[in-house]
Amino acid sequence: MEAKYLTVEEAAAYLNTGVRFVRRLIAERRIAFHKAGVHVRLALGDLESFMQAGRVEPITRASVRRDLGRAA
């Protein structure tokens with residue numbers, strides 16, 4: 001399997017965000033990255049993992065009942 005690496009600009013386009021956001025993620029060490037000399041590259045798999053980690057499940061009736069049961 002071949003790993004695909006993106007530049008910061010390509011990663012921002014892939015995530016549909018600004019370059020500044022991706023650079024902040026890197027600076028805060030909130031996303032995995034690779035350094036090749038002075039160049040920063042982000043693996044496509046790492047971007048996917050980052051996005052999956054932020055996934056929020058939709059609200060269902062069962063989840064509302066469950067959460068309300070905890071509050072009582």
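Colleague: Let's start with the sheet: in what order do the three strands come, and is the pairing parallel or antiparallel?

Modeller: The order is 1-3-2, and the pairing is antiparallel in this open sheet. This is a predicted model, so local features need pLDDT of at least 70 and side-chain atom pairs count only at pLDDT 80 or more, while totals for chains, interfaces and linings use all residues. Residues are numbered from 1 along each chain as its sequence is written, and side-chain values use heavy atoms, with hydrogens and water left out.

Colleague: What makes strand 1 and strand 3 a pair?

Modeller: Two strands pair if DSSP finds at least two bridges between them. Strand 1 and strand 3 have two bridges, in the antiparallel sense, so they meet that rule. Tyr 5 stands opposite Ala 43 in strand 3. Strands here are DSSP runs of E with at least two residues, helices are runs of H or I with at least four, and both are numbered from the N terminus.

Colleague: Which residues make up the largest nonpolar core?

Modeller: There are 12, including Leu 6, Ala 12, Val 22 and Leu 42. The term means a set of buried Ala, Val, Leu, Ile, Met, Phe, Trp, Tyr and Cys residues joined through side-chain atoms within 4.5 Å. Buried is under 20% relative accessible area, exposed is over 50%, and partly exposed is in between (1.4 Å probe, protein chains only). Helix 1 (8-15), helix 2 (19-27) and strand 3 (39-43) each give two or more residues to this core, and helix 1 gives the most, with four.

Colleague: How do you know that Arg 23 and Glu 9 form a salt bridge?

Modeller: The rule asks for a side-chain nitrogen of Lys or Arg within 4 Å of a carboxyl oxygen of Asp or Glu. The closest N and O atoms of Arg 23 and Glu 9 are 3.4 Å apart, so the pair passes. Arg 23 lies in helix 2 and Glu 9 in helix 1, so the bridge ties together parts 14 residues apart in sequence.

Colleague: And why is Arg 23 called partly exposed?

Modeller: Its relative accessible area is 44%, so it falls in the in-between class.

Colleague: What links Arg 24, Glu 28 and Arg 30?

Modeller: A network of salt bridges. Arg 24 meets Glu 28 at 3.8 Å, N to O, and Glu 28 meets Arg 30 at 3.1 Å. The count by this rule comes to five salt bridges.
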